[in-house]
Amino acid sequence: MNIFRIIEQLSEVDADVLGRFDSRRAVFKTLGETAKKGALAAAPVFVASLFQKAYGQTTKPSVIEVLNYAQTLELLEEDFYAKMIAAGQVPTGAPAAAITLIKQHETAHVKLLDATIKALGGTPVTGIKFKSSVFPADYATQLAYAQALEDTGVRAYKGQAGNLMGAMAGTTNLLQVALQIHSVEARHAAHIRTMRAQPSWIPASDSSLPAPLGPVYTGAIPESNTTQSGVDITKLGAGYSATDAAASFDEILTMAEVTDASRAGGLIGA
Amino acid sequence: MSKIINSSEDEAGFAQPLYVPIKRRSFFMYAGATAGATALLLSGCSDDDDTVTPNGTVSLGSGDVGVLNYAYALEQLEAAFYAAVVKTPATDFKTGELAYFTQVAAHEAIHRDFFKAAINRDAPGKIIQDLTPDFSKITFTSRQSVLETARTFEDLGVAAYNGAGKYLKTAAYLVIAGQIVSVEARHAAYVRDLISNGTFADSSIIDATTGLDKAMEPVDVISAAQAFIKEKLDATSVGK
């Protein structure tokens with residue numbers, strides 16, 4: 001294993017290769033020591049982590065940043081449902097009861113995240129509102145927006161799980177709390193989808209949302225994805241349809257994708 | 001050790017793939033190599049290859065592979081249940097319900113098959129055996145019995161994944177678990193609504209004050225699931 005040779009080769013395709021490492025001197029010093037200790041077996045892992053740092057997407061957001069991102073989405077949902085109830089278009093009975101229950105959960109999530117961010121010494125984001133100019137007047141479109149918000153929320157929380165590994169607030173495991181919110185959002189999404197006569201899960205091709213909400217199901221990894229961890233799901237067992245393969249796994253959205261103007265980012269405003 | 005490392009033959013063998021011109025795309029493989037390395041560590045971390053103890057108890061194992069086996073056990077149970085539901089549908093199913101359960105049966109069979117493939121790939125020899133379901137308490141001809149059992153399994157599955165995420169040390173597995181648990185939550189919500197519309201996230205399952213779903217520890221989940229599995233399962237080392 002010749003690290004210098006690898007870097008030399010990399011420099012042919014990426015002139016800035018050395019500039020990507022924290023400190024070239026530190027890198028070579030560490031490598032030298034690793035070799036001296038006879039732990040060269042660990043070198044591939046070390047080299048891989050080196051490149052992961054150098055070429056990795058972005059630096060990991062802090063726990064406070066992740067929680068404030070979650071809070072942004074919860075505040076957006078809470079305000080959306082408040083506007084939906086205030087608009088008075090939701091039929092009484094089961095629909096009104098469902099929207100009221102969902103709104104209560106979003107309010108509970110807002111309170112929980114607010115307290116958690118404060119407990120960690122952070123400043124909770126406030127003042128996030130669902131843009132009034134976008135808020136639809138009719139019940140059917142309101143439900144479509146609710147579906148978009150819930151399915152986006154599910155994808156957003158899922159996308160942050162890795163950033164909360166090992167995160168604690170006192171004795172509370174924050175990853176677990178995030179997962180406990182995540183599955184509630186999924187239950188909401190399922191019910192709203194059912195209210196719209198849609199399957200409660202997301203099939204391979206979901207065109208049930210009117211423009212401009214379609215991008216809820218797109219992304220670097222779209223909901224139509226049928227390959228998980230390198231495994232082609234359609235080829236497992238005796239074979240599965242693309243729709244079943246896509247529906248059996250929900251997909252993540254990154255923070256940048258969620259806050260993009262084509263998705264939740266475009267719904268936040270005055 | 002140093003002798004082996006210094007041997008020119010090994011050096012050449014190890015480094016050879018790196019001497020071919022590297023395209024920009026392919027060197028990202030090196031950045032991704034930690035995932036493979038982790039898999040190697042996984043397969044090497046437990047010292048007993050035999051998941052069945054002498055007294056016939058099936059140990060789910062420890063570390064990440066223990067969590068994967070734990071999920072695999074639950075998915076085996078769910079898949080077997082829905083396969084039986086589809087094979088002998090309740091005589092009083094309402095319109096659309098058999099079609100619904102047919103799709104859920106496919107989702108759960110996919111989860112089962114996925115874990116089987118992933119465990120065999122990442123931790124060869126560590127997978128638990130095929131489990132034998134015990135559905136003697138379920139009346140498959142009865143819609144009510146089927147719906148209530150489905151609710152039990154789905155809510156239990158959600159609580160299981162929610163409680164197990166923190167035990168995973170490999171981020172990629174955590175994301176997969178997250179991708180599956182939300183589908184289980186969708187199933188749970190739907191079957192709850194079939195039993196009684198509006199109960200998809202009622203206070204019997206979601207804490208009204210915190211708005212949180214349930215999270216259960218592996219031993220508690222297995223204790224609840226044990227009544228439906230003939231083999232005795234041991235989850236005490238899952239994630240440890």
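**Before you click**

This is a predicted model: local features need pLDDT of at least 70, side-chain atom pairs count only at pLDDT 80 or more, and totals for chains, interfaces and linings use all residues. Residues are numbered from 1 along each chain as its sequence is written, chains are lettered from A and ligands numbered from 1 in the order in which they are written, and side-chain values use heavy atoms, with hydrogens and water left out.

**Stop 1: chain B overall**

The mean for chain B is 85, and 79% of its residues reach 70 or more. Now pick residues 1-49 of chain B: the pLDDT there is below 50, yet this stretch has 59 contacts in the model beyond near neighbours in sequence. A contact means heavy atoms within 4.5 Å.

Switch to cartoon. Chain B has nine helices and two strands, in the order α-α-α-α-β-α-α-α-α-α-β along the sequence. Helices (H or I, at least four residues) and strands (E, at least two) are DSSP runs, numbered from the N terminus. Of the 240 residues in chain B, 52% are buried. Buried means under 20% relative accessible area, exposed over 50%, and partly exposed in between (1.4 Å probe, protein chains only). Among contacts in chain B between residues at least 6 apart in sequence, 76% join residues at least 24 apart.

**Stop 2: the aromatic rings**

The whole structure holds 18 aromatic pairs over all chains. Rings of Phe, Tyr and Trp (its six-membered ring) pair if their centres lie within 6.5 Å; planes under 30 degrees apart count as stacked, over 60 as edge-to-face and the rest as tilted.

Select B:Phe81 and B:Phe135. They sit edge-to-face, 6.1 Å centre to centre, with 80° between the planes. B:Phe81 lies in helix α5 (residues 63-87) of chain B, while B:Phe135 lies in the loop between α6 (97-122) and α7 (143-164), 54 residues apart. B:Phe81 is buried at 0% relative accessible area, and B:Phe135 is buried at 14%.

Next, take B:Tyr100 and B:Tyr190. Their ring centres are 4.4 Å apart and their planes meet at 35°, so this pair is tilted. B:Tyr100 belongs to helix α6 and B:Tyr190 to helix α8 (residues 171-195), 90 residues apart. B:Tyr100 is buried at 7%, whereas B:Tyr190 is partly exposed at 22%.

**Stop 3: helix α5 of chain A**

Move to residues 63-87 of chain A. This helix has 25 residues and reaches 36 Å from its first C-alpha to its last, close to the 36 Å expected. The expected span is 1.5 Å times one less than the number of residues. Of the 25 residues, 18 are buried. Just after α5(A), check A:Gly88: its phi is positive, about 70°.

**Stop 4: A:Gln147**

Finish in helix α7 (residues 139-160) of chain A, where A:Gln147 is found. Is A:Gln147 buried or exposed? At 0% relative accessibility, A:Gln147 is buried. Show side chains: a polar contact of 2.5 Å joins A:Gln147 to A:Arg196. A polar contact is a pair of N or O atoms within 3.5 Å; within protein, one must be able to donate a hydrogen and the other to accept it, and residues adjacent in sequence count only if both atoms are side-chain atoms. Leaving aside neighbours within four places in sequence, A:Gln147 is in contact with residues including A:Ile192, A:Asp206 and A:Tyr217.

Technical notes:
pLDDT is the predictor's confidence in each residue, from 0 to 100.
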